[in-house]
Amino acid sequence: MKEKKTALGNRDEKEKSRELSAAEERRLRRFEELSDSLIQQGYRRVELTVSIVKANIFAVVLLIPLLIAGIGLFFLHNHSVSGGLGRMNPILFLVLLFALIVVHELIHGLSWSLFAEHHWKDIEFGFMKQYLTPYCTCGVPLEKGAYIFGALMPLILLGILPMIGGILTGSFGVLLLGIIMADSAAGDILIVWKILRYRSDAETIVYIDHPTQAGGVIFEK
């Protein structure tokens, strides 16, 4: 008999029932088989997924303090706008921005692959066409620290570091790119926040990225 899973994750039924691609259906079947196997071994399943819609709303809210803090610190340090990407052609700026969105997912994959059993072979990528959202997923269990590391690396490498670099070098364009990329990690921040807030007395906990939704699933016993 399967143990009932605890639903603490995404409750948006429309989002959860979206039409899946063939690759997503394959990944979901493999994930459910792994889930069933773990439950049979005595694990309890706890979903910590997040809604894409809520993540996008959070991104809008998060953008305000990012802009205030980033621009405020920029002018405190530089007193003017100059140099670097601050003079970049707007079209080139947009091309770079879209390229960094792809790099964002690659960083997730590379970071998780360091800890995955078969490394890069356990990493796959997809695209939620309904929400125009690319994503990366790891198909094998990870430890808590490894999962959080992979979730936050794009925020650090593409968001926080460019913001600091833009401020220190006086490049408003680099600062702006950093702010936008930090804001694009809003969903990752929500996922990590949900993981950190979850409390458990279980002796063994493994974290598995959900193959078709944002966030992960915890298996504990």
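**View 1. The largest cavity of this predicted model has a volume of about 80 Å³.** The structure holds one cavity of 30 Å³ or more, and the residues that line the largest cavity are Arg27, Arg30, Phe31, Asp122, Glu124, Thr137, Cys138, Gly139, Asp209 and Pro211. Sorted by class, this lining is made up of five charged, three nonpolar and two polar residues.

**View 2. Helix α2 and strand β4 take part in the lining of the largest cavity.** The elements that give two or more residues to this lining are α2, which spans residues 22–40, and β4, which spans residues 133–138. Of the elements, α2 gives the most to the lining, with three residues.

**View 3. Helices α5 and α7 cross at roughly 155 degrees.** The axis of α5 (residues 144–169) and the axis of α7 (residues 186–197) come within 9 Å of each other. An angle over 145 degrees counts as roughly antiparallel, and α5 and α7 are therefore described as roughly antiparallel to each other. The crossing in which α5 passes α7 is left-handed.

**View 4. Side by side, the residues of α5 and α7 that meet can be listed for each helix.** From α5 come Lys144, Tyr147, Ile148, Ala151, Leu152 and Leu155, and these meet Asp188, Ile189, Ile191, Val192, Ile195 and Leu196 of α7. When the residues of this contact are divided by class, ten are nonpolar and two are charged, while no polar residue is found among them.

Definitions and conventions: Residues numbered from 1 in each chain as written. Predicted model: local features only at pLDDT ≥ 70, side-chain atom pairs only at ≥ 80, totals over all residues. Heavy atoms only, no water. Axes fitted to C-alpha atoms, helices over the stretch in contact; angles between N-to-C directions. Helix = DSSP H or I, 4+ residues; strand = E, 2+ residues; numbered from the N terminus. Parallel < 35°, antiparallel > 145°, perpendicular 65-115°, else oblique. Left-handed = near helix turned anticlockwise from the far one by under 90°. Contact = heavy atoms within 4.5 Å. Nonpolar A, V, L, I, M, F, W, Y, C, P; charged D, E, K, R; others polar. 1 Å grid on protein atoms, 1.4 Å probe; cavity = no way out; pocket = protein on both sides within 12 Å on 5 of 7 lines; lining within 4 Å. Points joined across faces, edges and corners; volume = space filled by probe spheres on them.
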